[in-house]
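Please keep the sequence and the structure in view while reading.

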Amino acid sequence: MAFAVSFLSREAIPATTVYEVWNYQVTGAPSDLQVDQRIALGFPHDVDVRDPTQYPGVSQLAGTFVERNPALPRQYVGRTVTAAGSVKISFVAPAVESTCEVVLAKSPSGQGWVSQPFTIPNASPSHLQVLPAPRKGLLNTNGRPLTDFRGTLPYASEVIGVYQPLKGWLGALNTLRAAEHGQEGTSLSLETFRKADARTLDDDALAAVSKRFAAIQGVLSPVGMVNLFRQYFFEFDTFLGPPSGHLWLSPGGTVELVETSTRRTLVEKTSEQSEETSRKIEESLTEQEDVADAVKEENANETKLGLSVTGGVTAPIYHAEASANFSTQNTVKSSSETTHKRARTQSAKVTSEIKRNFKSTFKTVTETTDTSSRRYIVQNTTDFLVNYELRRKMRKVGVQMQHIGSRLCWQVYLPDPGRELGLGDLVDVIQTPDLTSIQKPAPPPPLETKTTEFTGPFPILKYPGTLDPPDEENADFVFLFFPPPTPQDPHPRPDLLSYDRAHHIIADAPFAAPPPEPGYELEHAAVKSAKSGNKDCKFVAERCELTDALKGEFRVVALNLNAGDFNTIQVTFSLTWKPPASNPAQEQYQSDLAAYRDKLGQAQREAYSKAVKERLKLVSAMRPRPPEDLRSEERHTVYGELLQKITPLFQDQHVNAEMIRQTFDVEEMLYFVAPDYWRPTKADNHRDADDEHPNKNTVGRYPVPGPPWVPDDDGSCRPNHLAGDTVASWYSQTDKTYTPSPPPPPQPPSGEPPPPVPCPDLDPEWRVNYLITEETQPAPMGSSLGWLIQIDGDQRRNAFLNAAWAKAVLPIRPGQELQALDWLASTVEGKAALELYYPFDAAVDPPEYQGLTVGAVLKLIAEALQISNNTMANTLASEKVFENGFDPLAGGFRPADPYQIFDQWIEVLPTDQVVAVSVTYDPRTGQQL
């Protein structure tokens with residue numbers, strides 16, 4: 001008798017829907033199925049049959065074995081026969097049914113498997129039969145089906161919106177602003193928009209403006225529609241993700257694992273410095289462990305969003321293209337598509353960044369002192385080598401989107417919105433450099449004419465050729481005689497004779513006086529006194545003549561004298577000395593002064609460089625203020641500018657403000673800023689009107705203070721601007737680079753070879769750069785664009801400060817739609833184009849719009865919204881998820897109907913938990929079994 005095999009059933013396993021118990025029945029003659037005989041079904045090797053020892057609580061698996069031989073194409077799942085003639089084979093496999101070829105084999109005691117022919121229902125006996133079986137391959141699952149989580153309440157939510165201008169109405173404020181630079185602007189005023197002919201554009205100036213701006217009439221319209229959506233986040237199940245590590249243990253071995261979880265924070269104030277100051281800093285999202293928090297943070301940092309406060313919660317608003325179609329159903333659907341694209345892309349982005357947020361490092365250690373790390377003890381108590389994969393536990397988060405309402409809005413453009421916002425001044429008092437170690441040289445005294453006294457001997461000598469020498473004491477010599485020159489004596493010395501003319505002495509004598517200081521030159525000499533034998537005596541000089549002024553040499557010719565004791569007369573002279581033309585001391589002083597200035601300049605340069613670097617470091621490390629406060633300030637200044645713009649229309653500003661607050665939801669006002677490149681010119685101080693590029697005189701928005709040693713234009717040395725200053729922004733510096741400017745090649749005379757091309761000239765290119773150091777974080781967005789940077793602001797604030805203009809959008813309060821339209825038309829915006837026929841589109845517009853004017857359609861929309869926004873059923877519908885929880889959406893996305901859930905997707909997030917899973921590998925092929 002042949003064996004018979006039949007598929008019985010699949011049974012669920014508690015706590016999992018991924019795997020099930022598969023049951024097969026094998027029957028045969030008692031002689032063929034004997035007690036203690038092993039019988040097995042052979043499945044292809046790629047069917048994921050699980051090890052029965054992993055399911056000790058499943059009673060159906062008692063006695064089941066699984067045998068795999070890498071050399072064979074099949075694996076055998078079976079049981080030992082306990083009752084002759086029949087055996088039930090059960091095993092665990094994925095809960096996905098397919099079919100495959102199965103063999104039946106039995107193994108006599110001590111022998112290998114032997115294939116047996118068998119039958120299945122409606123088939124002839126064969127060694128190979130096709131039976132229902134688990135699907136081939138490993139089951140790739142991310143957890144339980146979504147239907148298992150029906151009713152799960154959201155753990156977080158985020159309100160977002162899409163704003164869409166409505167074309168058709170020409171608002172006075174926006175149209176006047178757009179036309180002020182055209183020919184029509186001179187003839188337009190607010191009264192033009194209030195006239196009767198404005199309603200049908202019979203006014204020539206209005207018709208010209210409408211024609212000129214036909215392609216962008218959404219810019220001129222004063223009204224638009226914002227559709228609000230709520231994004232819900234649901235916590236689903238967890239599962240094990242791909243392996244993040246591997247280890248093996250020998251029998252009886254023990255390993256202690258230390259897991260260090262690190263976060264990647266790319267940011268740009270010292271390493272982690274620029275990170276928290278560089279606002280977008282790739283800290284952007286990677287600091288968040290949850291997709292809900294990450295989405296909220298990206299919305300706070302996204303510069304392309306408008307922000308509103310909806311129900312006390314900051315809501316990012318996306319800007320959609322202007323629509324000429326006023327159908328609320330159509331705007332809800334188009335807005336839902338914009339929201340789906342944006343939110344789905346954003347969620348995928350933040351999820352992928354969060355996936356990179358966790359990184360684990362495993363170390364095999366004997367002991368650790370890191371008390372903050374996770375420690376695991378893994379033991380192998382078996383007799384076999386055990387391999388473990390370290391797999392990260394993953395979270396499954398569901399996201400749904402719901403439309404929660406539509407609001408009619410008023411839009412106005414405001415130029416230069418950040419002009420009135422103040423910046424944070426960083427107080428940083430720079431210490432004056434210590435210059436006490438640098439001594440300034442003292443200047444030498446000025447060179448002056450000096451008078452000194454000099455005493456020298458005047459000898460009493462007999463005049464040559466006379467007979468009698470002088471021999472009478474105290475004899476007076478009073479007659480001076482200058483002998484004429486002779487051939488024998490061309491330069492005779494003067495002769496001084498006594499009263500009786502009997503005695504003659506030489507009347508002159510040379511002297512040499514030392515100068516008071518080197519370089520002094522003798523200018524004048526005069527006899528002051530004379531002594532002979534320590535007694536005063538008479539000595540009158542006929543003259544004192546200079547012989548060598550530089551050496552201090554001079555000659556005295558006596559007019560009369562008293563010879564005293566006939567010894568040498570000591571004559572005291574008063575000498576006048578002229579200072580030298582150059583002073584060596586002054587030259588030394590100038591040399592010392594130059595060295596002093598070099599040292600002083602070096603100290604100042606070091607102090608200046610240190611001060612600038614330290615300030616840049618402090619500026620780049622500055623923590624940003626809370627985004628909520630920054631947005632509140634921006635909304636405040638936008639609202640203030642709006643009031644200033646329309647104040648001339650009212651006599652009482654307070655009544656004006658209350659009128660606006662009563663009609664419009666000011667707290668939910670949103671705004672969009674235009675990029676700074678729409679400015680007509682750069683914001684600098686010295687750019688020439690006809691020069692489109694910066695030049696050497698161009699000044700950035702916050703130039704670095706000049707060093708103290710650089711003179712100003714008038715030649716005076718500027719004070720040290722860094723000392724005691726505050727810092728309001730990131731420093732900029734005008735600098736130049738060079739670009740080659742090749743001259744035109746010279747033209748050779750005809751018939752001659754061309755001359756060599758000359759080398760190109762280098763032309764300077766001036767740029768307004770920003771300063772960085774090796775310790776600063778990456779500069780904020782806009783630094784290369786010359787933006788004014790608020791050092792404690794975020795990227796949105798910097799974009800706001802440098803924006804060319806802002807578009808303020810004020811939602812109309814629910815129930816005030818009709819009153820708001822009437823107020824706008826009668827006061828602020830006028831009625832231009834409201835009585836033109838509405839461009840009806842049968843494909844998307846309700847039939848009642850056909851044949852109506854733009855104003856009439858706007859009135860119908862206002863009436864519909866007034867009813868919709870005050871209907872309790874709609875309010876309850878917008879809150880139903882908080883009451884009923886998660887409800888799976890078939891298909892994942894559908895164009896939104898008002899107040900309905902229209903979008904759904906799943907995100908997978910990593911956790912910081914790791915699970916060790918035992919695995920087995922084929923030693924020959926290396927494949928995991």
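In which sense do strand S4 and S5 pair, and over how many bridges? Strand S4 (residues 65-68) pairs with S5 in the antiparallel sense, over four bridges. The model discussed here is a predicted one.

Strand S5 spans residues 74-80 and is mostly covered, with six of its seven residues buried.

One of the positions to look for is phenylalanine 43, whose bridge partner in S5 is glutamine 75. Strands of a sheet pair through backbone hydrogen bonds, and the pairing is either parallel or antiparallel.

## An open sheet of four strands

Another part of the model holds an open sheet of four strands in the order S20-S29-S25-S26, with antiparallel pairing. Its edge strands are strand S20 (450-458) and strand S26 (535-536), each of which pairs on one side only.

Strand S25 (residues 521-532) and strand S29 (residues 569-578) are joined over nine bridges in the antiparallel sense. Within this pair, threonine 576 in S29 is the bridge partner of histidine 524. The loop between S25 and S26 contains asparagine 534. Asparagine 534 has a phi near 65°, a positive value in a residue other than glycine. With a relative accessible area of 76%, asparagine 534 is exposed.

Which residues of helix H3 are buried? In this helix (residues 204-212), they are Ala205, Leu206, Val209 and Ser210. Viewed down the axis of H3, the buried residues fall within an arc of 135°, so they line one face of the helix. The face turned away from the buried side carries the exposed residues Asp204 and Lys211. Among the elements that cover the buried residues of H3 are helix H1 (172-179), helix H2 (190-194) and helix H4 (217-220).

The N-terminal end of H3 is capped by aspartate 203, which has a side-chain oxygen 3.0 Å from the backbone nitrogen of alanine 205. Leucine 201 is found in the loop between H2 and H3. Its phi is near 60°, again a positive value in a residue other than glycine. Most residues other than glycine have a negative phi. Is leucine 201 buried or exposed? Leucine 201 counts as buried because its relative accessibility is 14%, below the 20% limit for a buried residue.

## The nonpolar cores

The largest nonpolar core has 41 residues, of which Trp410, Ile660 and Phe664 touch the most other members. Several elements supply at least two residues each to this core, including strand S12 (223-249), strand S18 (386-415), helix H10 (627-646) and helix H14 (854-868). A second, separate core of 29 residues includes Phe458, Ala475, Ala509 and Val571. In soluble globular proteins, nonpolar side chains tend to be buried together.

What does phenylalanine 664 touch, when residues up to four places away in sequence are not counted? Its contacts are Trp410, Leu810, Pro811, Ile812, Arg813, Ala820, Trp823 and Leu824.

Asparagine 387 lies in strand S18. It counts as buried, since its relative accessibility is 17%. The side chains of asparagine 387 and histidine 246 are joined by a polar contact of 3.3 Å. Apart from neighbours within four places in sequence, asparagine 387 is in contact with His246, Leu247, Trp248, Val917, Ser918, Val919 and Tyr921.

## Cysteines and disulfides

A disulfide is a covalent bond between the sulfur atoms of two cysteines. How many disulfides are counted when the two sulfur atoms must lie within 2.5 Å? The count comes to zero.

Cysteine 100 is buried, with a relative accessible area of 5%. Cysteine 409 is buried as well, with a relative accessible area of 0%.

Methods:
Residues numbered from 1 in each chain as written. Predicted model: local features only at pLDDT ≥ 70, side-chain atom pairs only at ≥ 80, totals over all residues. Heavy atoms only, no water. Disulfide = S-S within 2.5 Å. Buried < 20%, exposed > 50% of the residue type's maximum accessible area, 1.4 Å probe, protein only. Core = buried A, V, L, I, M, F, W, Y, C linked by side-chain atoms within 4.5 Å. Contact = heavy atoms within 4.5 Å. Polar contact = N/O pair within 3.5 Å; in protein donor to acceptor, adjacent residues only side chain to side chain. Arc of directions from axis to C-beta. Pairing = 2+ DSSP bridges.
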